[in-house]
Amino acid sequence: MISLKPLTTSPAVQLRNLGWDWMLGQDTLPYLTNEVVLVSPAEADAYYEAANELFDMFVAAGQHVIDNNRFVELGIPANLIDLIKLSWDDDRNIHLYGRFDLAGGIDGKPIKLIEFNADTATCLPETAVVQYAHLRANGLDESHQFNAVFETLTSQFEELLALNPDLQPTLLLSAMRDFPEDDANVSLIGEAAREAGFEIEFDFIDNVDFSAEEGIFWQNPKNSQFEKLDFWFKLVPWEAIAEDEPELVAILTELVRKRLAIVLNPAYTLLFQSKYILKVLWELYPNHPLLLETDTKPLAGKSCVEKVLFGREGANVRILNADGSERHAVDGEYGDYPKIYQEYVAFPQDSEGSTYQAGVFFAGEACGLGFRRGGLILDNGAGFVGHVVES
């Protein structure tokens with residue numbers, strides 16, 4: 001059973017004082033509850049260490065996939081392989097950020113990797129800003145939270161500038177239309193980039209102009225002129241680009257090859273995003289304390305979770321009992337993807353029976369903790385719960 005602590009003062013005033021007025025809409029604040037999860041300093045340290053160790057393991061697994069040409073097993077679209085290799089082999093293409101989803105850690109149970117949202121991770125505003133503002137609104141300082149997400153993201157952008165002095169410090173940030181949550185995440189990333197020294201612009205992906213010979217362009221609405229930007233962040237999944245916009249993949253491959261642009265997150269993050277990497281990790285690190293057994297078929301005699309390789313927000317997930325019968329399932333639009341089976345582990349629960357999954361952001365290092373709360377399978381209806389670190 002996890003422990004919760006009430007923090008009854010709303011963070012709205014604090015958010016305005018921080019200049020984060022855009023966080024005060026209807027799309028984010030309802031996620032924030034009045035209570036927070038109590039986390040001990042030792043537990044916070046364990047989350048930090050686990051995420052750092054896991055990232056190193058993902059890098060080793062990614063190298064293994066490339067060295068052994070296992071792209072097909074991971075469901076990687078063939079038209080992305082060249083770009084994956086190009087971005088992997090050039091250390092100037094750093095992984096900007098992602099979020100590890102973890103079970104355990106706060107209930108006396110060991111931390112276990114559920115998956116790595118490496119490509120288009122969300123919950124950034126809630127983790128970086130809202131729970132911090134909630135903390136401050138209730139008279140607590142940052143020492144009571146494992147949360148340096150904004151500062152660490154800023155450091156990542158500073159690192160990008162240092163690694164790429166031949167490029168202009170211009171960044172275009174893009175998402176798809178009509179997804180307000182995505183806009184909030186992109187806004188926070190843009191603020192971190194601005195703090196690091198980038199000139200930033202925002203536009204939806206359908207407004208961006210791509211040229212394999214010249215680069216990435218954005219049309220300035222003030223003068224209708226097309227302006228070249230050397231860095232592009234897209235909150236659009238790589239597999240969706242590969243499937244829906246193959247011509248764009250070809251252009252981006254040439255842009256990266258010719259050093260005309262840096263794309264964030266790099267294409268190689270799709271290796272981490274594919275849930276088949278969970279099976280590769282188990283092959284490379286069998287019985288590792290942070291991992292759960294994963295295979296391409298149900299685990300004999302064990303409860304397991306069926307996942308599609310590129311599902312999101314709990315869609316197309318099934319929990320199977322040890323005898324293979326279905327315990328719980330969520331429908332979705334990703335059912336055509338191949339499946340993997342990961343050993344089932346129960347999430348910690350509160351007294352009301354709600355389950356809690358830890359999310360640890362990673363941006364060059366582990367940098368922030370938050371929790372999603374919901375049912376047996378955490379889907380897009382799950383809420384966000386902040387935390388307080390107390391001895």
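Tutor: Happy to; we can go through aromatic rings, a lysine, a helix and some sheets. Keep in mind that this is a predicted model.

Student: Let's start with the rings, then. How many aromatic pairs does the structure hold?

Tutor: There are 20 aromatic pairs. One of them is formed by Tyr47 and Phe371, with ring centres 6.4 Å apart and 75 degrees between the planes, which is an edge-to-face arrangement.

Student: Where in the chain do Tyr47 and Phe371 come from?

Tutor: They link distant parts of the chain, 324 residues apart. Tyr47 belongs to helix 2 (residues 41-67), and Phe371 belongs to strand 18 (residues 366-374).

Student: And is Tyr47 buried or exposed?

Tutor: Tyr47 is buried, because its relative accessible area is 0% and the cut-off for buried is under 20%. Phe371 is buried too, with a relative accessible area of 1%.

Student: Which residues form an aromatic cluster?

Tutor: Phe55, Phe58, Trp88, Phe100, Phe116, Tyr268, Phe272 and Phe362 make up one cluster.

Student: You mentioned strand 7. What does strand 7 pair with?

Tutor: Strand 7 pairs with strand 8 in the antiparallel sense, over 3 bridges. The two strands form a hairpin with 3 residues between them. Within that pairing, Asp209 sits opposite Phe217 of strand 8.

Student: What's between strand 8 and strand 9?

Tutor: There are 6 residues between the strands of that hairpin, and Ser224 takes a positive phi near 65 degrees there.

Student: Switching topic: where is Lys279?

Tutor: Lys279 is in helix 10 (residues 277-284).

Student: Buried or exposed?

Tutor: Lys279 is buried, with a relative accessible area of 13%. Its side chain makes a polar contact of 2.6 Å with the side chain of Glu283.

Student: What else is Lys279 in contact with, leaving aside its neighbours within four places in sequence?

Tutor: Those contacts are Arg70, Thr294, Asp295 and Thr296. Asp295 turns up again in a sheet, as the bridge partner of Tyr341 in strand 16.

Student: How do strands of a sheet pair, in general?

Tutor: Through backbone hydrogen bonds, in either a parallel or an antiparallel way.

Student: What about the open sheet of 3 strands?

Tutor: That sheet has the order 1-2-20, with mixed pairing. Its edges are strand 1 (4-6) and strand 20 (387-389), and each pairs on one side only. From one strand to the next, the twist averages 40 degrees.

Student: How many bridges are there between strand 1 and strand 2?

Tutor: Strand 1 and strand 2 (residues 35-39) pair over 3 bridges in the antiparallel sense. Lys5 stands opposite Val36 of strand 2.

Student: Which strands does helix 2 lie across?

Tutor: Helix 2 lies across strand 2 and strand 20, at about 85 degrees to strand 2. Helix 2 is also where Tyr47 is found.

Student: Last one: how many residues does helix 5 have?

Tutor: Helix 5 (residues 149-163) has 15 residues, and from its first C-alpha to its last it reaches 21 Å, close to the 21 Å expected. Its buried residues are Val149, Phe150, Thr152, Leu153, Thr154, Gln156, Phe157 and Leu160.

Definitions and conventions:
Residues are numbered from 1 along each chain as its sequence is written. This is a predicted model: local features need pLDDT of at least 70, side-chain atom pairs count only at pLDDT 80 or more; totals for chains, interfaces and linings use all residues. Side-chain values use heavy atoms; hydrogens and water are left out. Rings of Phe, Tyr and Trp (its six-membered ring) pair if their centres lie within 6.5 Å; planes under 30 degrees apart count as stacked, over 60 as edge-to-face and the rest as tilted. Helices (H or I, at least four residues) and strands (E, at least two) are DSSP runs, numbered from the N terminus. Buried means under 20% relative accessible area, exposed over 50%, partly exposed in between (1.4 Å probe, protein chains only). A polar contact is a pair of N or O atoms within 3.5 Å; within protein, one must be able to donate a hydrogen and the other to accept it, and residues adjacent in sequence count only if both atoms are side-chain atoms. Contact means heavy atoms within 4.5 Å. The expected span of a helix is 1.5 Å times one less than its number of residues. Two strands pair if DSSP finds at least two bridges between them. Axes are lines fitted to C-alpha atoms, for helices over the stretch in contact, and angles run from 0 to 180 degrees between N-to-C directions.
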